[in-house]
Every structure is written in C-alpha cells, then in structure tokens.
Amino acid sequence: RTKKLEEEERAKRQRRMDQQQRSSSSSSQQQKQGGGYFSSTTDNDGSAEGRRAERERRRAEHRANNPNYREKTPEEIAEIERQRRVRMEEEAKKWN
C-alpha cells in the first residue's frame, strides 16, 4: 500500500466515526426538538453509510412509536417469500 492510500483510508475512517458520533448525538437532540420533515438531511449525504444511517434512524423511530412492533423471524420471512413466489407463478400462468 502506498502512503497516499493509507492516508485516504485513515481520513475515510475518521469521517465515518465523526458521522456516527454526529448522528447519535443529533438523533437524541432531534427527538427533544421534534425535528421537521427534512431535519435529518445532514445524516443522509447520499453515500451508502448515510442511507444506512437514515434507514436505521427511521426504524428506531418507528419502533419507539409502535410498542407492539416486532421483527419478523427468518421463518416468517421465508414463508412470506414462498407465498410471494406462488402468487407470482399464478400470475405468470395467466399470461401464458
């Protein structure tokens, strides 16, 4: 590895750490302030990490607002996928 690549990777790691710290501190502040529809655009800068952070933030917000919400088990996901495949097969038969 070259020094330039190592420096770029180090800078990238530092930016990611800073972003995670900002998102964790700003999410607690946003809940206190109420936040607006576009209040979280600073977390989502269009990068994969930003989009992932935005998804996780929305999931956490949804879970907090819906106390009866629970994650689907892998078995439930597999059953839903199986039913979807059956449904798609039936739709395909209509076209053939």
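I began with confidence: the protein averages a pLDDT of 81, and 79% of the residues score at least 70. I note that this is a predicted model.

I then looked at confidence by element. Helix 1 (residues 3-33) is lowest, with a mean of 78, and helix 3 (residues 74-95) is highest, at 95.

Next I looked up the fold elements. I found 3 helices and 0 strands, in the order α-α-α along the sequence.

I checked burial and surface. Of the 96 residues, 9% count as buried. The protein exposes about 8800 Å², and carbon and sulfur atoms supply 50% of that area.

I turned to helix 2, which covers residues 48-65 and has 18 residues. From first C-alpha to last, helix 2 reaches 26 Å, close to the 26 Å expected at 1.5 Å a residue.

Which residues of helix 2 are buried? I found Gly50, Glu54 and Arg57. They cover an arc of only 65° around the axis, so they lie on the same side of helix 2. For background, I recalled that an α-helix has 3.6 residues a turn, so residues three or four places apart point the same way.

Last, I looked at arginine 57, which is found in helix 2. Why does arginine 57 count as buried? I note that its relative accessible area is 19%, and the cut-off for buried is under 20%. What does the side chain of arginine 57 make a polar contact with? I found the side chain of glutamate 54, at 3.1 Å. Both Glu54 and Arg57 are on my list of buried residues in helix 2.

Notes: Residues are numbered from 1 along each chain as its sequence is written. This is a predicted model: local features need pLDDT of at least 70, side-chain atom pairs count only at pLDDT 80 or more; totals for chains, interfaces and linings use all residues. Side-chain values use heavy atoms; hydrogens and water are left out. Helices (H or I, at least four residues) and strands (E, at least two) are DSSP runs, numbered from the N terminus. Buried means under 20% relative accessible area, exposed over 50%, partly exposed in between (1.4 Å probe, protein chains only). Accessible areas come from the Shrake-Rupley method with a 1.4 Å probe; for residues, only the protein chains shown count as cover. The expected span of a helix is 1.5 Å times one less than its number of residues. The arc is that of the directions from the helix axis to the C-beta atoms. pLDDT is the predictor's confidence in each residue, from 0 to 100. A polar contact is a pair of N or O atoms within 3.5 Å; within protein, one must be able to donate a hydrogen and the other to accept it, and residues adjacent in sequence count only if both atoms are side-chain atoms.
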